[in-house]
Amino acid sequence: MRTRATVVMTAVVAGLPALSLPAAAYVRTTTEAGAATAWKTPCVTMEFSLGAPPPEMDAAGYLSAAQAAGEAWSRASLDGVDRCTNVIFTVEQVEDVAGPVGMDYHNRLIFRQNGWCRDPLPKDGSCYDSSALAITSVFQLKNSGEILDADLEVNATDFTWGDYASHPEQFGYNTNDFLGAVTHEFGHVIGLDHTCFSPGKTFVDGTLVPRPVDNSGNPVPDCSAPNLPAIITDATMYVSVATPRAEVELRSLSPDDVQAACDIYPFTTNFVCQPPSTPATGGGGCSYAVQRGGGAIACALALLTMAMVGRRRR
Ligand SMILES: [Zn+2]
């Protein structure tokens with residue numbers, strides 16, 4: 001996939017002025033009501049359940065990888081400006097082995113090692129598609145788009161995870177680069193969608209997600225469209241990669257990804273992350289979201305595609 005993107009870029013430059021490329025291509029997630037999603041204050045703390053992580057790396061290795069993924073988005077720089085965004089990701093280790101997905105003001109990062117299933121299990125008892133590598137569920141207010149909670153589940157039932165940059169020799173057919181994948185998923189956590197569109201994606205209520213527009217107002221092309229420009233395929237928020245080597249490239253944000261963080265959460269001087277005020281929790285968490293029109297979008301398609309592409313190519 002990366003190789004193909006490079007070839008396309010060359011062809012475009014040869015035949016057309018570079019200026020014909022779109023200036024930017026990032027895509028924001030929107031709610032069923034059409035509101036673009038964002039945190040009110042972009043200080044996001046992820047609680048990483050590391051009580052018994054998968055054996056390929058130790059807890060410290062997973063933790064530092066997740067923290068590096070957060071750092072990629074935090075205090076990002078663009079065009080020589082030292083810092084253009086207020087986004088600050090913090091990843092904290094918790095000793096839990098697992099944790100529930102839900103609207104409870106706890107943003108969780110969880111390995112699913114004993115079955116690739118949501119916790120709590122949905123009413124119909126179904127589990128996730130086994131080819132999905134990771135799923136991020138974001139809970140936001142339907143009308144304002146304010147994100148309240150995000151949970152990231154990593155499929156450690158069907159796949160193993162590692163550090164491809166340091167240990168490429170350990171990577172087999174089902175191994176994936178943890179840091180690269182989490183960097184992509186953290187983009188979803190702050191309200192970004194893919195830079196291309198996969199028709200058929202649905203909201204949790206089953207209605208189809210309409211084709212979004214990018215930040216320039218252009219309809220987002222299908223992910224299956226030929227000759228997608230490099231600004232789309234080079235982004236960390238692109239939908240798929242074909243190999244672990246390409247997955248490593250997700251670790252580095254493209255200028256387009258950084259532009260998204262800086263446009264949605266622009267840097268303001270004297271900005272500091274305050275300790276979160278704890279909203280009423282307990283039994284009211286989910287009902288609060290439902291009453292206020294909260295909804296969740298599960299992002300399965302991205303990494304689902306990633307896995308399928310990898311299989312076809314290898
Ligand atoms: Zn994705």
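**Exercise 1. Which residues does A261 touch, not counting residues up to four places away in sequence, and is A261 buried or exposed?**

Solution. Start with the partners: A261 touches W73, A76, T85, V87 and I190 once residues up to four places away in sequence are set aside. Keep in mind that you're looking at a predicted model.

A261 sits in helix 6, which covers residues 255-264. For a sense of how the chain folds back here, take N86: it is 175 residues from A261 in sequence, yet the two C-alpha atoms are 8.2 Å apart.

Now do the burial count. A261 has 27 other C-beta atoms within 10 Å, and the cut-off for buried is 20 or more. So A261 is buried.

As a general point, nonpolar side chains in soluble globular proteins tend to be buried together.

**Exercise 2. How many residues of helix 3 are buried, and what is the phi of G191?**

Solution. First the geometry: helix 3 runs over residues 178-189, so to speak 12 residues, and spans 16 Å from first C-alpha to last, close to the 16 Å expected at 1.5 Å a residue.

Then burial. The count is 12 of 12, so helix 3 is largely enclosed by the rest of the structure.

Last, step off the end of the helix. Just after helix 3, G191 takes a positive phi of about 105°.

**Exercise 3. Where are R75 and Y105, and are they buried or partly exposed?**

Solution. Begin with the backbone. R75 isn't a glycine, but its phi is positive, about 50°. Y105 is another non-glycine with a positive phi, near 65°.

Now locate them. R75 is in the loop between helix 2 (59-73) and strand 3 (88-94). Y105 is in the loop between strand 3 and strand 4.

Then count neighbours. R75 has 15 C-beta neighbours inside 10 Å, so it's partly exposed. Y105 has 16, so it's partly exposed too.

**Exercise 4. Where is the pLDDT below 50?**

Solution. Take the overall score first: the protein averages a pLDDT of 81, and 80% of the residues score at least 70. Then pick out the stretches below 50. Residues 1-22 are one, with 23 contacts in the model beyond near neighbours in sequence. Residues 279-314 are another, with 76 such contacts. Where pLDDT is low, the predicted coordinates should not be read in detail.

Conventions
Residues are numbered from 1 along each chain as its sequence is written. pLDDT is the predictor's confidence in each residue, from 0 to 100. Two residues are in contact if their C-beta atoms, placed from the backbone, lie within 7 Å. Helices (H or I, at least four residues) and strands (E, at least two) are DSSP runs, numbered from the N terminus.
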